[in-house]
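Hi everyone, thanks for coming. Please have a look at the picture first.

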Amino acid sequence: MSLDTQDVQKIAHLARLALPDEEVQTYQSSLSSVLELVEEMQSVDTSGVDPLTNPLEMTQRLREDEVTETNRRDDFLANAPHSSNGLFLVPKVID
Amino acid sequence: MYQQNIAALAKQLRSKDISSVELTQSFLSRIKDVDPSLNSFISVTEDTALNTAAEADKLIASGNAGPLTGIPIAHKDLFCTNGILTTCGSKMLHNFIPPYESTVTSRLKQAGTVLLGKTNMDEFAMGSSNENSYYGAVKNPWDTTKVPGGSSGGSAAAVAAGLVVAATGTDTGGSIRQPASFCGITGLKPTYGRVSRFGMVAFASSLDQAGPMARSAEDCAYIMNAIAGFDTQDSTSSEQATDDYVDTLSQPLQGLKIGLPKEYFDSTLNDDIKNTLMTAIKEFEKLGATIKEISLPNLKLSIPSYYVIAPSEASSNLSRFDGVRYGHRCENPKDLLDMYMRSRAEGFGQEVQKRIMVGTYALSEGYYDAYYLKAQRIRRLIKQDFVNALAEVDVIMGPVAPTTAFDIGSKTNDPVAMYLEDIYTLSVNLAGIPAMSVPAGFDNGMPVGLQIMGNYFAEAKLLNIAHQYQQVTDWHLQNPNLAKGA
């Protein structure tokens, strides 16, 4: 499986990564070589084998739906690149 | 002092031959002297360390000290530490000060350890050489022209150089065992779910597991006693009871059945390493163990299965880094999309971006079944291989890596060759079983690790086996000549 430059740009967009044009080719070749490496899987017969998602086959543990955390807004905002009046600031979304 | 084990140091602390503050000062000054040539630390937390040591001395004076009180350690810079910079080896988190503490670091703090700093690592734990760190490559203390392994390379190098007594690591595909092997120390990757993942920066959540890295199995056992066990904060934490990992160290190995997978000893493995490992395995026979050849037929499929599952989970986990709530944000974004795309492209290094893209592709519409689901079906075949083998034998032994530590820069242009380095470690994470790397000799002056793999929750057995071996060998007591190659 090898990718063309358009595939790489599409994947980069889906992954929200701005790839400079000069890097598209580098990733085209490195992503293609990973896909070649994993191609070996397709020759294995896995019919009747269920996917394994958790090695211990555990199911999701649930807890009571109750408040367990205190409000630590200021602590969390301390790491924000931009914040104001207790809110995270992002570029304007709606005109 | 820098080469002493936890039990010996604890004894000297309790008998007041040395105070925790003196011990801490001495290790801190050794870090200052030695680490500029290794780069094993991203942050050294001198003030916090001296304050914690003073507290430890009070506890010792009051007679309430535990076995880890006052012992200097370091954490891989992937564990969130409240109020202390946690970078995960990335520019993305160059300014991230966590407002909370991971369970592993919290339990070790509770046990009285003294944190000296946060260790270097491959960015977001993606790498087998520690060359992928935004904070620079780490050098192997045995030869500074060589890599220490990765991704927990900073922790391994720091322990091997005697800069700390023990360190934490994490292992998603071999990131505790391979650096432990390359640096000649002992490392344990516990069963998936044995140690809480709460507060670890997530890489691949169905594979990630934290564990101890130290000179000996005994020291690893002391760390395991502090960190292992159920945690309500981690939804995949196991409720199974823990063992006392120190108490069980001295059990005899008479009657132990060791399996040697033929796929681990084929032509991929370097002959010198093979001979070193066979010599080690003879020691176990002398200790009363019997050897049996076994087969793990799907071993080779662990590479494709892992390099689909791990990047897929990473692409999902790393979507949280968006420049909004923490971490790097680009300058002057023109809109929200531009902010996401440039913040992520600037904040992540190449290997991380590559793996995010591999994962994004594998999870994307039309490819999900052929890649992600297929990889998970193969994952079950790999797990079944281990279940079958461990019904016949008690433990499995083999190499940790196909070679000893390689030269810095020698594989950076061939990423697939770097991925193939992980052939002997990945399957353990896919199956979720525990495994160790134990120093077993040298090849051309570089350490060789023996991998010991066991059944689910058999950490006590693995530590016991490694400890018994370390009673009759002294590979784990060898020290690098820190001037070499510097």
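Let's start with the meeting of the chains: 53 residues of chain B are in contact with 41 residues of chain A, where contact asks for C-beta atoms, placed from the backbone, within 7 Å. On chain B's side, two or more residues each come from α9 (302-317), α10 (336-347), α11, α12 (368-392) and α13 (415-420). The largest share, ten residues, belongs to α12(B).

A quick word on the source: this is a predicted model, where local features need pLDDT of at least 70, side-chain atom pairs count only at pLDDT 80 or more, and totals for chains, interfaces and linings use all residues. Residues are numbered from 1 along each chain as its sequence is written, while chains are lettered from A and ligands numbered from 1 in the order in which they are written.

Chain B itself has 15 helices and eleven strands; these are DSSP runs numbered from the N terminus, helices being H or I with at least four residues and strands E with at least two.

Now, which residues of helix α1 (residues 5-14) of chain A are buried? They are A:V8, A:I11 and A:A12. Buried means 20 or more other C-beta atoms, placed from the backbone, within 10 Å of the residue's own. Looking down the axis of α1(A), these residues fall within an arc of 100°, so they line one face of the helix; the arc is taken from the directions from the helix axis to the C-beta atoms. They pack against α2 (21-38) of chain A together with α11 (350-363) of chain B.

Technical notes
Buried ≥ 20, exposed ≤ 12 C-beta atoms within 10 Å, placed from the backbone. Contact = placed C-beta atoms within 7 Å.
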